[in-house]
Amino acid sequence: MSVIRLKGQADRRLRAGHQWIYSNEVNMDATPLKQFNAGDQVIVETAQGKPLGVAMINPNTLICGRLISRSVDTVLNKSTLIHRLKIALSLRDMTYPEPYYRLVFGDSDGLSGLVVDRFADILVVQISTAGIERIKDEVIEALQEVVKPSAILMKNDGKMRNVEGLDTYVEEVFGHVPEVVYLKENDVLFQAPVWDGQKTGWFYDHRENRKTMQTFCSGKRVLDVFSYVGGWGVQAAAAGATDVTFIDASEAALDHADANLVLNQYEGESNLLQGDAFEAMQSLIEEKQRFDVVVMDPPAFIARRKDIKAGEGAYHRANQLAMRLVAKGGILVSGSCSMHLETSRLHDIVRSNSRQLERFSQLVYRGTQAPDHPVHPAIPETEYLKALFYRIHNNMGL
């Protein structure tokens, strides 16, 4: 294999356990990146020429290298993929009794740029790096050998592919994948639109947080904002909520939420509000609507570090509107999937809203991503999900 050499001291993060190499860390005089093709696997050396391992390279991106092994004798091929998929599967098997989960979570499973969600015997795969795209056929073969699925869908339409210089596409690569697939989460049934839906069609990461949310819902009115296909609201309905309202910009997503209520034979009241979430919440406030549980789980308002200021403003506004809709003594669930928004900062946003609205808030639960989204201890980017549960009171003079 070819070699890339790092600048002095640029190996510190890798030695500490991280797996990414930035383009400004490469010694361009000794090993110019332009000599490589996107997806090449190369040996990484320190400034002194000591090998650190093997990485996938993309000379056209800021993150130009992703370490795949700390041994120069190991490359990412079908055999390595099978070994790492078996390790990933063993974690999910010991955690979940049924085959509905994220099977592969990128760097945290030693497979940077690869995500695989499992819906029983159907797999939905997302590839976001040129290195994994180069060995796509081996990925498919390894998944067939380890999981033995009936069908595999490549859902390769994510934004990261543009960054990596990859085409976007969605296609069956094995078997037949229907427009919607079925799953079970916390004993609640769902259909997920894997072809046309967001990401892989479903978000398994909030599984444990939704389970906690269910404990507050029996006999209550629930509002699910940015509901998508109803992951929160339908589980609230299954837990005994008497009235569930969903807000989402997508009419198709709300149709799926309604279908998921029917799938679980919900007999309570339901409302589907299609449109801008901020405007819909404002309308509910003007109608003097109040809910016992309000779930605020927006898309990532902070996609990049430069978006932090504007994104925090969006989180502040969204949580303020949500808090105004919480009934006396009710629960606000404030979620965020923005890696650049720290948990303490989200908590500070809710605290600030409490003071501005003269509410008394109590943090009663602090949730994170489910075990099928493991956190790599040396890669903070793999820890991204937050769900803070607050009990909201009218001003108690405090």
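This is a predicted model: local features need pLDDT of at least 70, side-chain atom pairs count only at pLDDT 80 or more; totals for chains, interfaces and linings use all residues.
The strands were examined next. Strands of a sheet pair through backbone hydrogen bonds, and the pairing can be parallel or antiparallel. Here, five strands form an open sheet. Their order is β1-β3-β4-β5-β2, and the pairing is mixed. Strands β1 (3-5) and β2 (20-22) stand at the edges. Each has a single partner strand, so one side of each is left without a neighbour in the sheet. From one strand to the next, the twist averages 40°.

Within this sheet, β3 covers residues 40-45 and β4 covers residues 51-57. The two strands pair in the antiparallel sense, over six bridges. In this pairing, V42 stands opposite A55 of β4.

The cysteines were considered last. A disulfide is a covalent bond between the sulfur atoms of two cysteines. Two cysteines were examined for burial. C64 has a relative accessible area of 1%. This value is under 20%, so C64 counts as buried. C217 has a relative accessible area of 0%. C217 is therefore buried as well, by the same cut-off of under 20%.

Technical notes
Residues are numbered from 1 along each chain as its sequence is written. Side-chain values use heavy atoms; hydrogens and water are left out. Buried means under 20% relative accessible area, exposed over 50%, partly exposed in between (1.4 Å probe, protein chains only). Two strands pair if DSSP finds at least two bridges between them. Helices (H or I, at least four residues) and strands (E, at least two) are DSSP runs, numbered from the N terminus. Axes are lines fitted to C-alpha atoms, for helices over the stretch in contact, and angles run from 0 to 180 degrees between N-to-C directions.
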